[in-house]
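Biologist: I'm new to this one. Could you show it to me and take a few questions?

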Amino acid sequence: MNENNTTPVYNNQTPPLSAMLNSKLFLKASTVLLIIHVLLLVGFPSNNLSGDDAFEVIPINGGAVGPESFDFNPVDGSGPYTGVSDGRIVKFIQSEGRWTDFGFTSPYRESCGGPAMEDKCGRPLGVKFHKSRGVLYVADAYFGLLELGPNGGLATSLVSKVQGLPLKFTNGLDIDYTNGFIYFTDSSQRYTRRDHMLVTLTAEQKGSLLKYDLESKEVTVVLHNLTFPNGVVLSKDGNFLLVTETTNCRILRFWLKTPKAGTLEVFADLPGYPDNIKINENGEFWVAMYSRKREILSWVHSKPWIVNILSKLPFVIVRVTSYIIAKLESEGLAAKLGVDGEILKILEDVNGKTWKYASEVMERDGYIWIGSVENPFAVKMKIQE
């Protein structure tokens, strides 16, 4: 297509080489995507270890979906609070069993709710309260790091650019209360949240772990060239920080203290694609996984020519593929990890009858709250020891 967006005319002559190459590229891409679809349909076996846990499904009001992350207000115990697909932050009123609006990440409120409007309406992902200020910090996929005061309302921007470049896909966060830092992730330098499956399919390695100083207001790049960095959490003693790498199905540990300070290592390899990670009162970690690991994606990533083709395809084609892949992955999966990365428990809903596409598991008062970027509800499940 030329610069005027019109169809080129070849005057009944042989098409130029560029057109033939594009045709070959499309044919190769179609073949690759067909192979991926067939292999994904075959699937891989897994065991249902979820048991007979009692659960409660709590719908999100207002037609929104995707309660991605949770936190409770440490000042008054209210909540949980969570961000949803139309840019709202909502609060759960326990006594009434319903959600109520608390805040917004964007002043734009027209026709909000679908993926096509995320860049205008906002898409809050990670949320975390300051333990003494009653301020809620929010990682919005499109607007960066924000804060909401105790009365809610429209969020205030803290960080939207780093080193002169706009944040492309702000995702998870956690707070170092001792030193006054907020650690947060930027999952990609090319793709937005709307195209998050492209980050995985193309194995992009341009994500970052960032640090915001609450006092100086300065932002520092802690780690770069990460492969879809997603959730982030500090250890109970503050000695290290964990970051999930979704594409690689693993968790990285970055040491902040001890003689290992400044070093990075693999903390745990996982059976699925991790999203957020949360710590419980015992210092153990709950990691939510979107689905079980698909070996076909490992095969795709091992073939540079396939990755090259996928990275050059029009977004619309790969979006369709991503949608099909997402719908084929229908199980719920989460794991509890020990302080050294050992898997202590697997929680799984094999057929996704109750919950699936898990984005976060938060443990509190004998229950776990399960979030998902896809589902129009949150799940509250009693812990069975």
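Modeller: Let's start with C121, which is buried because its relative accessible area is 1%; buried means under 20% relative accessible area, exposed over 50%, partly exposed in between (1.4 Å probe, protein chains only). This is a predicted model, where local features need pLDDT of at least 70, side-chain atom pairs count only at pLDDT 80 or more, and totals for chains, interfaces and linings use all residues. Residues are numbered from 1 along each chain as its sequence is written, and side-chain values use heavy atoms, with hydrogens and water left out.

Biologist: Which residue forms a disulfide with C121?

Modeller: A disulfide here is a pair of cysteine sulfur atoms within 2.5 Å. The sulfur of C121 sits 2.1 Å from that of its partner, C112.

Biologist: What is the handedness of the disulfide between C112 and C121?

Modeller: Look at the torsion about the S-S bond of C112 and C121, which is about -85°. That value makes the disulfide left-handed.

Biologist: Is S111 buried or exposed?

Modeller: S111 has a positive phi of about 55°, although it isn't a glycine. Its relative accessibility is 64%, so S111 counts as exposed.

Biologist: Where is P80 found?

Modeller: The peptide bond leading from G79 into P80 is cis, with omega near 15°. Helices (H or I, at least four residues) and strands (E, at least two) are DSSP runs, numbered from the N terminus. On that numbering, P80 is in the loop between β1 (55–59) and β2 (81–83).
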